Amino acid sequence: MSKVSKPAVTPSSNSGQADAWYQRVAESSAVLPLMFVLSMLESIIIPIPLELILIPLLIHQRERLWAIATVVLAGCLVGASIGYGVGLWLFDDIGDAILTYFGYSQAFEQFTAQFQQHGFVTLLLTGITPIPFQVGMLAAGSSNYPFSLFMLAAVIARGLRYYGLALLVYWFGPLVLGWWQQHSRKAGWLLLTLLGGGYAVYLLV
């Protein structure tokens with residue numbers, strides 16, 4: 001009696017299984033609270049871009065992409081408030097340890113020098129570009145920068161980031177995922193250059 005061979009598992013079938021699993025997770029009633037928590041943690045202690053999860057989720061859930069962007073922004077703002085508080089009250093005990101653990105100490109010193117001269121704009125750049133957001137939160141808190149202005153900068157910067165991604169997915173769908181995987185870092189630094197150049201022109205004028 002001959003043995004019945006099992007069908008080979010091909011990369012395409014694996015991809016299909018992963019896509020189906022992701023679709024089930026995306027349609028779960030817990031996905032919005034989960035994204036809130038992940039966004040909050042990403043803004044505080046997780047040095048991994050949330051877009052790695054957010055962009056595929058927006059693609060799978062285009063009918064509620066605005067709700068997802070709103071929840072992610074809300075989680076980021078809560079995390080930003082916590083990070084600001086750590087910088088304000090616990091920098092010597094916790095904030096400095098966070099910077100050392102993630103290797104942000106030098107970036108913090110460079111950012112602080114810029115922050116003392118151009119506080120609000122520097123925070124905007126931190127919220128949009130690949131510069132670690134944790135650095136901006138701790139610098140704002142430790143320098144006792146006005147909390148209202150800090151939160152305004154966070155709303156503008158991260159609002160542009162998350163609602164901008166939602167708008168791109170709304171317009172272009174899955175094409176955004178492939179583009180982001182190839183050009184995310186280049187796009188961040190290009191945006192930093194454009195914003196920095198624009199601000200330099202503003203100072204000269």
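What share of the contacts in the protein chain between residues at least 6 apart in sequence join residues at least 24 apart? The share is 80%, where contact means heavy atoms within 4.5 Å. This is a predicted model, in which local features need pLDDT of at least 70 and side-chain atom pairs count only at pLDDT 80 or more, while totals for chains, interfaces and linings use all residues. Residues are numbered from 1 along each chain as its sequence is written, and side-chain values use heavy atoms, with hydrogens and water left out.

Figure 1. Helices (H or I, at least four residues) and strands (E, at least two) are DSSP runs, numbered from the N terminus. Of the 205 residues of the protein chain, 39% count as buried. Here buried means under 20% relative accessible area, exposed means over 50%, and partly exposed lies in between (1.4 Å probe, protein chains only).

**Figure 2. Helix α8 packs with helix α9.** Here you can follow residues 133–142 of α8 beside residues 147–172 of α9, at an angle of about 165° and with axes 11 Å apart. Axes are lines fitted to C-alpha atoms, for helices over the stretch in contact, and angles run from 0 to 180 degrees between N-to-C directions. The angle makes α8 roughly antiparallel to α9; that label needs an angle over 145 degrees, while under 35 is roughly parallel, 65 to 115 roughly perpendicular and the rest oblique. Look for Phe133, Gly136, Met137 and Ala140 in α8, which meet Phe150, Ala154 and Arg158 in α9. By class, this contact of α8 with α9 has five nonpolar, one polar and one charged residues. Ala, Val, Leu, Ile, Met, Phe, Trp, Tyr, Cys and Pro count as nonpolar, Asp, Glu, Lys and Arg as charged, and the others, Gly among them, as polar.

**Figure 3. Helix α5 packs with α8.** Helix α5 spans residues 91–102, and its angle with α8 is about 155°, with the axes 11 Å apart. That makes α5 roughly antiparallel to α8. Phe91, Gly95 and Leu99 in α5 meet Val135, Leu138 and Ser142 in α8. The residues of this contact of α5 with α8 divide into four nonpolar, two polar and no charged.

**Figure 4. Glu42, Arg158 and Arg161 are joined by salt bridges into one network.** Side chains of opposite charge can pair when their charged atoms come close. A salt bridge is a side-chain nitrogen of Lys or Arg within 4 Å of a carboxyl oxygen of Asp or Glu, and by this rule the count comes to two. In one of them, the side chains of Arg158 and Glu42 meet at 3.7 Å, N to O. Arg158 lies in helix α9 and Glu42 in helix α2 (residues 31–44), so the pair ties together parts that are 116 residues apart in sequence. Glu42 also forms a salt bridge with Arg161, where the closest N and O atoms are 3.7 Å apart. This pair links helix α2 to helix α9 across 119 residues. Glu42 is buried, with a relative accessible area of 9%, and Arg161 is buried at 17%.

**Figure 5. Helix α3 is largely enclosed by the rest of the structure.** Eight of the 10 residues of α3 (residues 51–60) are buried. Among them are Leu54, Ile55, Pro56 and His60.

**Figure 6. Ala67 lies in helix α4 (residues 65–89).** At 34% relative accessibility, Ala67 counts as partly exposed. The C-alpha atoms of Ala67 and Ala166 are separated by 9.7 Å, although the two residues are 99 residues apart along the chain.
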